[in-house]
Amino acid sequence: MARALASKLAILAALLLLWLAIGGYAAAQEIGIPGFGNLTFFGSANFGILVNEGELGAPVDNDSGVDVDLQNVNSFVGLDYVFDIGDSHKIIARGVYGGDFVSATDSFNETRFDLYWAGVSNGLGALTYGRQPLAFLQYYGLFIDRDQEIYATGYSTPFAGGVTLSDNLIKFASSWGRLEFGVDYQPPGLSSDTAADTRYSVGARYLDLYSRINLGAAADISKTDSGEHVNRFGAAIEYESEQWLVAFGGHVVDDASQHLTKSYNALGIVQFTENNQLHLTASIIDDNDIYDSYYGGGFFLDHRIGSRWTLYTEGALTRAEPAGGGAANVASAVIFGLRYDFGNLWY
Amino acid sequence: MTTNAKTLKSTFGLLLGALALAACEPNLAELRPVDQGFRYLHPYPQPKPGRSPQFAALNGKTTYVEVAPSIYDKSDPFNDPPGSNFLNTVDSNVFDSFGRELPNTLPSTPSNPYNLQDGPVVVTPIDPRSPTSDLRALFRRINAAAVADRIDREAFQEAIDILEGNRVFPERHYNGFPLLHYKGPTKIKKVSPVYDESGDLVGGNVNIHQIWYDSHIESDTAFLDPSDVFDVPWTITYTVDVLEAGDDDFSPFVMYVDDPFASVQGSPPQPLVAMDQTFYPMKEGTRNVFKIKMSRGKYYNLSYHWGWRIHPPRIQVTENARKVINGRRLPAYSSMVFGDVPTANRKTKLAAIAKLGNLAPAKRMWNAFNAALLSESSQEVLALMEEAEGAFDDWQDRNSLPAGVDPDPDADLTLFYANNTIYGEMKGGGIPQLTSWTTRPAKVTVALINGDYFIHGYQNVDFGGNRGWENQFQSTLASGGSGPFFTFGRTWWWTNAGGPWGLIDVPAAEGDNLGRHKVVMNFDFEPSRRLRMYQFDPYHHDVAIWSVH
């Protein structure tokens, strides 16, 4: 019953995205609450044909063969609210739902496209509460993970211990000039997340040092229901030229397993025409609990059509040897997709 | 070899081949032959300085602002020019944060100093009579009649028609342009799209009519909707009538934002670049028709039309009508105060004019002429005209506060909102130059006084002091121009106070009680040598501006 309802809702959401894609966004732009803040309806319809062989990151071949699927990549819809109440104070809120709008069979609960938070901001910074991105993602992870689905950088994928969102998070974020920093606290006993009953996450980044260098670092300390501590530390550096960018980052995860999980990641972006970018990524995971060795590589090539449409292809390849010996497993995935973004404050 | 390995090998091979074949475009060495060094990205976006933390006093009457620090090393641009914030000239369009070139953002080249003018300027002679010259003549006529113990009611009505911008002077080029600024809701235009023969959208155009006289620029367009030309370049066809004492260089300073889709959804587009699109000399008594090339509609923020000879007063802004403040598009703020169509009938007109403060010089003139219209005494008329002529003098000088308003002795400058415009006065009087601020740090206190019966706002913008400015304009001496000597240049702009960092409101006047607010800003960068700060009312922009050199 619940599943049938979810499917109907998903189909309705898919139709909504279709309507927006063919021009209904003009109506969606006018959903404000005059005098009571900016309300912005936004989203992304992102679908593609995925060709994959094996499971990315898996150390053992599951003999799944080659699959070809029409895939919802990371479609989402959201609402953003900002109400300037005067005296330099604002009420802010955001809700985003990302899911499989075709069949509703996949859960995106662990991705960054399912969040909801509210709070206040002023000259001191912003204080928010809800399900929201962790400082560990904001100040470290995004340096090497640019929001694509199958990058295989070893960060966004779960096999290197990366984290993105958390429930019931109290977040304070602020900035001074080009220094940005944030602190998160997740009180115990509130979260439905079995991986972290309580959590502290801190991070900072400094942007545009000498106009071109960005630096970031973050730490995330969490404790599970069973009392197990998981500590994550990450740091990244990025050099940004006019037409290209290169970033390096590494993080270490210290959990109850016997060995530390260390992840080293590199990202390069080349803008070779004004509408085309190529991203190349590489990652190594040093973790003797699951892998004897892990190497991942990925690419993303896009062609932007105006501001709203993006035609792209993205691929990833991982080679992983299981801990304790055994043959290396190579898995791959390539997607050819089309993305349509809509909704911002003016248009 | 497995299928996946073959697929990936082929894909990577194709990608590497594409990379090898496609060198980055454009070539930076050709684009910027004189590289200024590691820290300068221009014509690609200069770094963003960050936010300005703002704090309001507990009584709500003062806003303290810590303006974002400079992205450059400390320098002294005024005593040791050009300063670290000066950008070498680049003969190229600029780029957005997606790395895309913004067409029509190179205002001047050595071979074509007026690079953004689409075709020649069409100049024709016109009747130069202005509201100033006609009001002056009416004062003489009314006073002469009153001295002869006659009351010239026809002249009173004529003066009222001039003040209200009533369309009863078809032979005058200022016909329809009021001195009282209550017509905002009717000053909205939409850029008309242009399609080619196959029906593809290839551009757009909008016509704007302006009059320039004395210290005034008045326009028939305060808001522009460019949404139909979102992804294509377009043009503005300006018809500029230069009336008495209106000679100047036509310099529309366009301000562009970054691609709206480069912002986090829900956030406004980020500041990008601004530039004088031309700097073309115009003579009194001429109509000048310019066609100015604009970039894509999605980048449009506003056009700041200014004349350097009498600046800050000679100024008018046409702004993107799509902009939103607290859920309302900008034109809605004008309609909230003045009604949807303030010119619909006499009742709506009077209701709209009633919103303008009675200390405003133009309103004082209007009150005096209306009182004279009802008067039966020539002596009373003479007294009323004395008041009106005093207001007439005040109206012509927006660089000092009008009668009845005193400057704040504790402020570096005092701004007075009245008649939906801004009068300003520097501490101690004199020209609007903030000479005390040449290097960082600097503390600037601005006193804001509202004489209008509706809320005004305050926003302060930097024209390249923090992110960099370029004197891009080429010499135009051969054509009688003065481009490179006075232009604001091409600048990477940023907001110092108000706007995205928190709205700064100035309460409405109530009866004789003026609304007051104060803004204290700590600057941690050196200003541009051409303009220290751009100050305006974000709710009612049009002519509510008072910038400081």
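Two residues count as in contact here if their C-beta atoms, placed from the backbone, lie within 7 Å.

Now the ground rules. This is a predicted model, where local features need pLDDT of at least 70, side-chain atom pairs count only at pLDDT 80 or more, and totals for chains, interfaces and linings use all residues. Residues are numbered from 1 along each chain as its sequence is written, with chains lettered from A and ligands numbered from 1 in the order in which they are written.

Start with chain B. It holds nine helices and 27 strands. Helices (H or I, at least four residues) and strands (E, at least two) are DSSP runs, numbered from the N terminus. The C-alpha trace of chain B spans about 110 × 60 × 50 Å along its principal axes. Of the chain B contacts with a separation of 6 or more, 73% join residues 24 or more positions apart.

Next, the inside. Buried residues are 56% of the 549 in chain B. Buried means 20 or more other C-beta atoms within 10 Å of a residue's own, with C-beta atoms placed from the backbone. A nonpolar core is a set of buried Ala, Val, Leu, Ile, Met, Phe, Trp, Tyr and Cys residues joined through C-beta atoms within 7 Å. The largest such core has 139 residues, and Tyr256(B), Ala274(B), Met365(B) and Leu415(B) touch the most other members. Helix H8 of chain B, residues 378-395, gives the most to this core: seven residues.

What is Ala274(B) in contact with, leaving aside its neighbours within four places in sequence? The list is Phe253(B), Val254(B), Met255(B), Tyr256(B), Phe463(B), Thr491(B) and Trp493(B).

On to a sheet. Six strands of chain B form an open sheet in the order S1-S2-S26-S20-S18-S19, with mixed pairing. Strands pair if DSSP finds at least two bridges between them. The edge strands are S1 (54-56) and S19 (421-426) of chain B, and each pairs on one side only. Inside the sheet, S2 (residues 62-66) and S26 (residues 515-523) of chain B pair in the parallel sense over five bridges. There, Thr63(B) stands opposite Val519(B) in S26(B).

Last, the meeting of the two chains. The contact takes 55 residues from chain A and 56 residues from chain B. Six strands of chain A give two or more residues each to the side touching chain B, including S1 (38-53), S3 (76-86) and S13 (261-273).

Note on methods. Buried ≥ 20, exposed ≤ 12 C-beta atoms within 10 Å, placed from the backbone.
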